[in-house]
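I opened my notebook to record, entry by entry, what I looked up in this structure. The sequence and the model come first, and my notes follow.

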Amino acid sequence: MILPYVALIVSNILVVLAQLSLKKVALGISGDREQPFDVMRIGLAVLTNPALWVALVSFGMSFGLSIFILTKIDLTRAFPVSTGFGFVLIAVIAHLAYGERLSALNFLGMLLVFAGVVLLTLKNR
């Protein structure tokens with residue numbers, strides 16, 4: 001019964017990879033603010049950016065794993081774990097990779113999210 005939980009962790013890592021890849025795409029098109037807004041230029045820059053394709057493949061793989069996960073784990077357990085884990089992981093990695101600020105209040109929020117996930121996943125007796 002451990003395989004669905006391993007799949008849940010892998011699925012979340014794939015979503016985090018996809019989000020980080022999308023951030024990389026966004027940084028690539030937002031760096032040139034001197035040029036006027038040009039849909040064709042931006043569209044071409046986005047579509048030819050390998051990070052976009054990493055994001056799409058990662059989201060697709062996570063989607064496929066989610067179908068398997070939901071055949072083995074209740075949605076009321078899988079979704080809180082997935083959301084909480086992803087939220088905390090992306091916040092920490094965004095801080096490390098992109099220098100996004102995390103305050104003590106943000107860390108408190110992450111602890112509360114973790115506590116909420118634990119409470120949501122406990123079985124009623």
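In which helix does F107 lie? I found F107 in helix α5, where helices are DSSP runs (H or I, at least four residues) numbered from the N terminus. Before going on I noted that this is a predicted model, in which local features need pLDDT of at least 70 and side-chain atom pairs count only at pLDDT 80 or more, while totals for chains, interfaces and linings use all residues. I also noted that residues are numbered from 1 along each chain as its sequence is written, and that side-chain values use heavy atoms, with hydrogens and water left out.

Entry on F107. I looked up its accessibility and found F107 partly exposed, because its relative accessible area is 44%, and the scale calls a residue buried under 20%, exposed over 50% and partly exposed in between (1.4 Å probe, protein chains only). The C-alpha atoms of F107 and L89 are 12 Å apart, although 18 residues separate the two along the chain.

Entry on confidence. The mean pLDDT (the predictor's confidence in each residue, from 0 to 100) is 87 for the protein, and 92% of its residues reach 70 or more. Helix α2 (residues 39-47) has the lowest confidence, with a mean of 79, whereas helix α3 (residues 50-72) has the highest, at 95.

Entry on α3. I checked its length: the expected span is 1.5 Å times one less than the number of residues, so the 23 residues of α3 should span 33 Å, and the 34 Å between its end C-alpha atoms agrees with this. The buried residues of α3 are A51, L52, A55, S58, S62 and I69.

α1 (3-30), α4 (75-98) and α5 (104-121) each supply at least two residues of the lining of the largest pocket, and α4 gives the largest share, six residues.
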